[in-house]
Amino acid sequence: MAHGAGGKASRTLIQAVFVDAFANPALQRLDDGATLDLGTGRLVFTTDAYVVSPLFFPGGDIGDLAVNGTVNDLAVCGARPMYLSAGFVLEEGFPVADLRRITASMAAAAERAGVRVVTGDTKVVQRGKADGCYVTTSGIGALERPVTLGESQVRPGDAVIVSGPVGEHGVTVMIARGELDIEADLTSDTAPVHEAVAALLDAVPVRMMRDATRGGVATILNEIAVGAGLAVTADERAIPVRPVVSGACELLGLDPLYVACEGRFVAVVDGDHAAAAVRALRRHPVSEGAAVVGTVEAGPPGMVLLKTASGGTRIVDLLVGDPLPRIC
Amino acid sequence: MPGTGARRIRVRVEGLVQGVGFRPFVCGLAGAHGLSGFVGNDPGGVFIEAEGEPPMLDAFTAGLTGQAPPLALVERVSVEPAEPRGETGFHIVPSRRAGVTIGLRDLAGGEFALVSADVGTCDACLGEVRDPADRRHGYAFANCTDCGPRFTIVSGVPYDRCATTMADFAMCAACAREYRDPLDRRFHAQPVCCPACGPALRALGADGAPVPGDPVEVAARWLEEGRVVAVKGLGGYHLAVLAAHGPAVAVLRARKRRESRPFAVMARDAAAAGELVLLEPAAERLLTGVRRPIVLAPRRPGAPVADGVAPGGRDLGVMLPYTPLHHLLADRLAASYVLTSGNLSDEPIAHRDEDALRRLRGVADGFLVHDRRIQVPADDSLVRVFRGRELVVRRSRGYAPAPVGVPWPFPRPVLACGAQLKSTFCVARGTRAFLSQHIGDLENYETLRSFTEGVEHFCRLFGVRPAVVAHDLHPEYLSTSYALDREGVDLVGVQHHHAHIASCLAEHGHAGPVIGVAFDGLGLGDDGTLWGGELLVADLVSYRRAGHLEPVPMPGGAAAVRQPWRMAAAWLDRVCGDASPALPVVARHREQWPVIVAMARAGTNAPPTSSAGRLFDAVAALAGVRDTISYEGQAAAELEARVDPAERGAYPAGLVEGERVVIAGGDLVRGVVEDVMDGVDVGRVAARFHRGLAVAVVRAVCAVGERAGLRTVALSGGVFQNTVLLEAVVSGLERERFEVLVHSRVPPGDGGIALGQAVVAAAHDRLSR
Ligand SMILES: [Fe+3]
Ligand SMILES: [Mg+2]
Ligand SMILES: [Zn+2]
Ligand SMILES: [Zn+2]
């Protein structure tokens with residue numbers, strides 16, 4: 001299971017199995033999507049499989065998750081999301097009403113994101129061979145801006161921005177499983193971020209973007225630091241976390257920095273334009289909570305350092321799998 | 001004058017022979033036997049050539065071991081014949097450095113010298129400092145061949161002034177004369193100095209600006225006014241306040257962001273220490289010995305120490321001055337003072353001047369500093385006394401880098417990276433394992449840096465180029481990722497509790513197999529779950545998990561470590577389920593309790609653990625001792641402190657004997673719950689729990705021992721810093737006629753892990769060759 005948690009184990013699995021098997025330059029970059037040059041123009045192509053339990057949760061369901069997730073992967077690659085495919089793996093006996101609900105929210109999400117679901121496939125497997133319903137979406141987006149994004153563009157002095165309060169999706173889903181008897185005013189943050197991304201790209205020089213899904217913001221910051229061979233220094237107090245989320249995380253023993261989001265992204269921008277970047281983002285509802293959380297520094301290379309509220313400097317490491325306490 | 005029968009020998013002495021007055025001793029010994037020749041240091045130890053009558057030469061070589069100075073540790077003396085030269089006199093010659101002197105093997109080749117730990121000020125030096133007629137009267141840096149800074153000022157080998165931070169100071173004529181005089185106490189004492197030529201004190205205000213006047217006088221006045229003073233000592237900066245000054249202690253706590261972890265107190269002398277704590281003879285020996293650790297001893301009722309110094313504890317940590325500076329301050333104050341490492345909570349001790357001034361600004365109201373650089377940071381060591389012997393809890397200044405000798409040679413040089421909290425590392429080659437000083441919690445960047453710098457320094461100092469690198473199995477320990485990032489080495493992952501037991505075996509030179517009881521907070525098991533109450537059948541190569549404490553979920557993972565009441569919820573639910581009684585601890589956490597229980601039941605972020613430390617936490621919370629902690633092991637330490645020694649009862653605990661022997665911790669919890677419901681005094685509850693757990697451990701060991709045919713037991717893990725439990729377990733095992741190995745010089749906690757990893761890695765290395 002740790003291999004899906006978005007941390008070091010996922011990365012190792014991806015490197016060892018997939019990159020190896022499908023070796024090509026577009027894949028090797030391990031971005032959220034692949035940028036392809038067709039001669040007539042550049043496009044971005046991405047795919048994602050969605051599994052979530054429960055399938056329906058406050059603020060969303062697996063359907064809009066599957067649309068928004070792929071839309072966001074296209075968006076943070078700098079593309080305008082255009083077309084999606086959708087694949088379903090259904091467990092025998094899965095209620096048709098539930099499937100209708102899921103497809104309806106997919107349609108609504110597609111409408112909201114301005115994309116069309118143009119092809120798809122459905123398979124049914126025996127009872128017990130799947131957990132209700134799995135969804136896979138692939139997406140194509142047009143790369144219309146002449147920008148180059150990626151870790152290689154990042155340099156010391158750049159500002160690191162988070163587009164909104166973190167951790168809402170992961171905590172919402174955990175509580176929605178209903179095992180814990182928690183009443184909390186929480187909804188998933190699932191949302192398309194392509195408009196906010198476009199506004200940001202129009203406003204300031206952007207180095208790179210990532211959507212902070214599995215593994216949370218901490219994992220993205222590590223990807224930035226490792227990929228760029230630079231350090232990311234973040235300020236714990238600057239990272240936006242809603243009190244209800246930090247309260248729930250405290251209770252559940254989770255670190256919000258590692259909790260999944262579905263409508264948040266991390267952007268690295270030219271440090272001189274940090275304030276303008278935040279202003280541009282805050283004009284969009286989906287990123288009205290945007291904040292500068294840290295800066296890129298020359299060293300120590302590959303490390304994410306968090307200035308804690310108590311004045312120390314905590315190393316924010318890439319989790320290997322599910323978090324296990326390190327305290328003796 | 002060499003007679004006609006004169007012979008010449010070439011002698012090599014290995015061991016801890018540098019920085020301990022060895023060369024002057026050799027000169028004296030040679031003189032006493034009428035020999036000519038020379039002695040010097042090289043990276044491998046001491047080299048000697050001596051010429052004279054054969055019987056005298058024999059007596060001389062015998063004396064090298066037999067009469068060596070008290071701080072020296074002669075491990076090997078090898079003698080070979082040489083061509084007589086007919087010279088006169090016996091001299092100390094300049095040191096030979098690796099790579100410079102022809103004929104010396106390269107550092108990696110096999111020879112290396114030992115660097116001495118720092119040594120507390122000797123009586124002779126102290127006498128001079130206190131003598132108004134002496135030229136070192138009131139001098140904070142007096143030292144001689146018998147005492148003074150060593151490890152903390154050494155930057156390289158061989159041990160010579162130019163390879164220490166004393167290289168910054170040129171000796172005056174008077175000091176040079178002492179240094180060169182074979183009859184002087186300071187003959188070849190590398191850090192020799194005096195007020196005319198050596199380091200000097202300065203007092204600085206809160207803003208770092210110099211303050212006029214005698215610096216010790218200024219600092220003493222500040223302390224008397226209730227201010228916090230940063231004092232640059234031997235291994236780093238400390239923060240000081242008067243121990244009896246309640247408000248000052250409170251201010252120090254607030255500024256240091258250290259809620260309740262006890263502070264250590266420096267007393268002027270043993271008599272003054274005796275007014276603070278009850279000193280049994282062994283404790284007094286440790287207190288006054290040359291290592292000068294902090295000694296934990298029962299606090300005397302009515303001791304003139306503010307409550308905030310060591311809240312919640314029965315013991316108080318005391319130490320005696322170990323440099324002239326600390327003596328001067330203590331003499332001037334005529335009162336004990338708190339001396340705690342100069343850092344914010346969790347950071348390593350500050351030791352570089354600029355860094356210290358920056359980090360301690362706003363914490364200290366003034367600074368008492370000097371201009372001798374600290375090369376290597378070292379915290380004060382911390383020891384307890386168990387059955388008249390020392391039980392080192394934190395091994396640092398005064399102990400490191402003394403090697404742990406093991407009877408099994410390391411086939412190739414080893415680096416062991418240790419654990420995560422209270423981390424130390426270990427480099428080893430030959431038959432010696434150099435366990436580092438206490439580094440601290442690796443979650444901090446500053447600590448990680450001091451770890452990596454420390455590893456490099458040790459490798460340089462002891463000529464170790466690691467070929468084998470050992471690490472914990474926990475993939476997220478930063479020590480593990482440090483190990484995994486090393487290239488061109490053989491990696492050996494060592495299970496945490498196996499390393500604990502191996503550290504105990506190494507300390508005793510015992511190769512096993514033994515029944516290892518490893519009780520600690522948490523360590524990753526080979527099944528991916530968190531262990532911590534383990535019975536292993538182990539030798540150096542391998543182990544088998546033969547038994548353990550009943551596992552329970554840790555609701556919230558690390559949050560359950562910070563909040564022992566969560567462990568109380570998990571255990572109470574395990575034992576009583578829906579019929580859980582309305583204990584006070586339940587009422588105190590009424591709102592969150594159902595969620596925590598639900599997390600435990602559903603396994604939501606609630607990894608199972610067999611940890612003994614977490615069982616102590618649960619009992620501490622159930623008994624009303626402590627619900628949340630602000631430092632590691634706090635709840636367990638306070639539960640131990642509450643034990644009523646007069647209580648003889650013990651909660652009965654069952655054993656479940658299947659493939660493994662499982663101690664039913666739930667039975668102990670049931671006993672606690674029933675007594676708490678009946679209003680039994682917490683002291684008796686604490687005692688019955690300790691004694692009940694000990695009985696259960698002894699029974700489990702008997703069961704494992706019978707099956708495995710073993711009669712020797714090794715006790716390790718941080719829980720065995722608890723001397724109440726340790727005593728009960730050891731005496732119980734002795735009644736069952738087991739041979740019991742317990743820690744003394746190597747910490748039972750995670751500070752000893754690196755040593756255990758090193759010997760396990762070496763055992764694997766031996767097998768694979
Ligand atoms: Fe441990
Ligand atoms: Mg994705
Ligand atoms: Zn001395
Ligand atoms: Zn001098």
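Strand β8 (residues 159–162) of chain A pairs with strand β11 (residues 265–269) of chain A, antiparallel, through four bridges. The model is predicted. Start at this pair of strands and find A:Ala159.

Now look for another partner of β11(A). Strand β9 (residues 206–211) of chain A also pairs with β11(A) in the antiparallel sense, here over five bridges. In this pairing A:Asp211 stands opposite A:Phe265 of β11(A).

How many residues of β11(A) are buried? Five of its five residues are, so the strand is mostly covered. Next, follow the side chains. In a regular strand they alternate between the two faces of the sheet. In β11(A), A:Phe265, A:Ala267 and A:Val269 point one way. A:Val266 and A:Val268 point the other way. Residues on either side of β11(A) are buried.

Stay in chain A, but move to a parallel pair. Strand β5 (residues 80–91) and strand β6 (residues 116–125) of chain A run parallel and are joined by nine bridges. A:Gly87 stands opposite A:Asp121, a residue of β6(A). What do these strands make with helix α4 (residues 96–113) of chain A? Together, β5(A), α4(A) and β6(A) make a right-handed β-α-β unit.

Now turn to chain B. An unreviewed UniProt entry gives the annotation "active site" to B:Arg23 and B:Asn41. These residues are spread over 19 residues of sequence, yet they cluster in space, with a largest C-alpha distance of 7.9 Å. Both B:Arg23 and B:Asn41 are in the lining of the second largest cavity.

Take B:Arg23 by itself. It sits in helix α1 (residues 22–32) of chain B. Is B:Arg23 buried or exposed? Its relative accessible area is 6%, so B:Arg23 is buried, the cut-off being under 20%. Leave aside its neighbours within four places in sequence, and B:Arg23 still has several contacts. Among them are B:Val39, B:Gly40 and B:Asn41. Others include B:Tyr159, B:Asp160, B:His188 and B:Gln190.

B:Asn41 belongs to strand β2 (residues 36–42) of chain B. Its relative accessibility is 1%, so B:Asn41 counts as buried too. What does the side chain of B:Asn41 reach? It reaches the backbone oxygen of B:Tyr159, at 3.3 Å. B:Tyr159 is also one of the residues in contact with B:Arg23.

The last stop is B:Ser260. This residue lies in the loop between α6 (246–256) and β10 (264–266) of chain B. Although B:Ser260 is in a loop, it counts as buried, at 11% relative accessibility. Which residues does B:Ser260 touch, not counting residues up to four places away in sequence? They are B:Arg253, B:Pro311, B:Ser630, B:Tyr631 and B:Gln634.

Look at two of these contacts in detail. The side chain of B:Ser260 makes a polar contact with the side chain of B:Ser630 at 2.8 Å. The B:Ser260 side chain also makes a polar contact with that of B:Gln634, at 2.9 Å. Finally, compare B:Ser260 with B:Ile663. They are 403 residues apart in sequence, and their C-alpha atoms are 33 Å apart in space.

Definitions and conventions. Residues numbered from 1 in each chain as written. Chains lettered and ligands numbered in written order. Predicted model: local features only at pLDDT ≥ 70, side-chain atom pairs only at ≥ 80, totals over all residues. Heavy atoms only, no water. UniProt positions renumbered as here; feature names shortened; annotations may be inferred. 1 Å grid on protein atoms, 1.4 Å probe; cavity = no way out; pocket = protein on both sides within 12 Å on 5 of 7 lines; lining within 4 Å. Helix = DSSP H or I, 4+ residues; strand = E, 2+ residues; numbered from the N terminus. Buried < 20%, exposed > 50% of the residue type's maximum accessible area, 1.4 Å probe, protein only. Contact = heavy atoms within 4.5 Å. Polar contact = N/O pair within 3.5 Å; in protein donor to acceptor, adjacent residues only side chain to side chain. Pairing = 2+ DSSP bridges. Right-handed = clockwise from strand over helix to strand, strands pointing away.
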